[in-house]
Amino acid sequence: MKGLAFAMVVIFSVLLSLNNPRGESERAFLSVSSPSSQEPPVNLVSLASTKDFFMEMTDGEAQKNLDYDFYRDTCPEAETIVRDTMAQIYSQQKNVSAQLLRLFFHDCFIKGCDASVLLDDSNGNKNHSIEKQAVPNKSLKGFDKIDQIKEVLENVCPGVVSCADILALATRDGIVLADGPFYPVFTGRRDSTRSYPDEAMAEIPKPDDNITQTLRLFSLRGFSDRETVSLLGGHNIGKIGCEFIQARLNNFKGTGKPDPTVSPGFQNEMRIFCDDNGTRSSQNSQDWMSSQNSPAPAPSRGVLKERSSGRRGMPYFQQLSSSISSGRGFDTHYYQSLLKGRGLLFADQQLMANDRTARLVRAYASDDGSTFRMDFSRAMMKMSERRGLTGSEGQVRVHCSLPLQTS
């Protein structure tokens, strides 16, 4: 019965997520690999092979002790509560989807999906460093949203639903609310009692990583080039914080100059969003003087409103909206921006610096988004199944920021 139920869920999720024809994607993906390449061809994924992929995940090591609808007996309303609470949050704060997607990624990338990134102390020791304090994690947001969902669940099913499962489910539901694809999420994760700040500091991909380093870090966690490129497509929602952009404008890799791969025109556009006066940043003493480039255009009313609100960042969709028509938020505009040399992060634009990943970018950008959505679904499911804690391992925290006190 479990296998039959899961098969039905998979078929439903694929049909729900892929509601557009593929158009040119088949031809694009069939020609992604050059004849001389030693790598196997990248073929378009069929509906049947997608189902096989999901079914195979039920037998892998990552899937051990996880189950679809794990709380069916202990907290039958768990997933409904997560979904409904996320809908309420999203109605008031649309950027929650991007916040939780990043939070989920940073959690699962280190030691698997165990909610260790949510901890305010490690193993009950408030003097021990925590993942939140690692530089790559200092700008994470959405912790309060997970706490909000946890509080509702604790009122209904005390001590039952783990914070790791809440984060996995809420992220998926947030993606769907942002018009992204649905994918099945297995549950039964347990929460870590300790945090891993050193690993987070060393192993979370950085915005200024080159393509070699990015692919290496993903490969160490079992992700192929194709899965890596599809996961990075998650940058198509939310905003890229200005703190990750300003170095490219003013002090790229400590040179005191902007990233030479960014065109002067695009530099000026980014300065409108992210420099304090539209021409140079006050946060770096080695700024690139605006007189060396053409004058930046005057900020639009929308940009001025963005600045005055204190929400300083730049979304891929907005910086492309004047030149590219995108029918949905979760489509191919991220990949189209890379083709135009308009990647906001150095690590993003580096996808065009490698023949293999550049071919994947072109392939994802070539259709209506259905191929990207399918691959993103598969990769997100794989990310969610990264080996964390299950069974008798770990614990179920009552408060997501604090481990249970054990006698």
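Where pLDDT is low, the predicted coordinates should not be read in detail.

Now, the annotation. Which residues does the UniProt "binding site" annotation cover? Asp-287 and Asp-331, and that comes from an unreviewed entry. Asp-331 sits in the loop between α14 (316-320) and α15 (333-339). Is Asp-331 buried or exposed? Asp-331 counts as buried, because its relative accessibility is 6%, and the cut-off for buried is under 20%.

Two packed helices are described by the angle between their axes and the distance between the axes. Take α9, residues 211-219, against α10: their axes are 10 Å apart and the angle is about 105°. So those two helices are roughly perpendicular to each other. Who touches whom? From α9 we have Thr-214, Leu-215 and Phe-218, which meet Asp-225, Thr-228, Leu-231 and Leu-232 of α10. Sorted by class, that contact has four nonpolar residues, two polar and one charged.

On to the other partner. Helix α10 (residues 225-232) and helix α18 (residues 370-384) have axes that come within 8 Å and cross at roughly 100°. That makes α10 and α18 roughly perpendicular as well, therefore. On the α10 side, the residues are Arg-226, Glu-227, Ser-230 and Leu-231. Among those they meet in α18 are Phe-372, Asp-375, Phe-376 and Met-380. The class count for this contact is six nonpolar, two polar and four charged residues.

Asp-69 isn't a glycine, yet its phi is positive, about 60°. You'll find Asp-69 in the loop between α3 (47-57) and α4 (78-92), and Asp-69 is partly exposed, with a relative accessible area of 29%. Then there's Ala-115, also a residue other than glycine, with a positive phi near 60°. Ala-115 lies in the loop between α5 (96-108) and α6 (143-156). With a relative accessible area of 0%, Ala-115 is buried.

Technical notes: Residues are numbered from 1 along each chain as its sequence is written. This is a predicted model: local features need pLDDT of at least 70, side-chain atom pairs count only at pLDDT 80 or more; totals for chains, interfaces and linings use all residues. Side-chain values use heavy atoms; hydrogens and water are left out. Axes are lines fitted to C-alpha atoms, for helices over the stretch in contact, and angles run from 0 to 180 degrees between N-to-C directions. Helices (H or I, at least four residues) and strands (E, at least two) are DSSP runs, numbered from the N terminus. Angles under 35 degrees count as roughly parallel, over 145 as roughly antiparallel, 65 to 115 as roughly perpendicular and the rest as oblique. Contact means heavy atoms within 4.5 Å. Ala, Val, Leu, Ile, Met, Phe, Trp, Tyr, Cys and Pro count as nonpolar, Asp, Glu, Lys and Arg as charged, and the others, Gly among them, as polar. UniProt positions are given in the numbering used here, feature names are shortened, and annotations may be inferred rather than shown by experiment. Buried means under 20% relative accessible area, exposed over 50%, partly exposed in between (1.4 Å probe, protein chains only).
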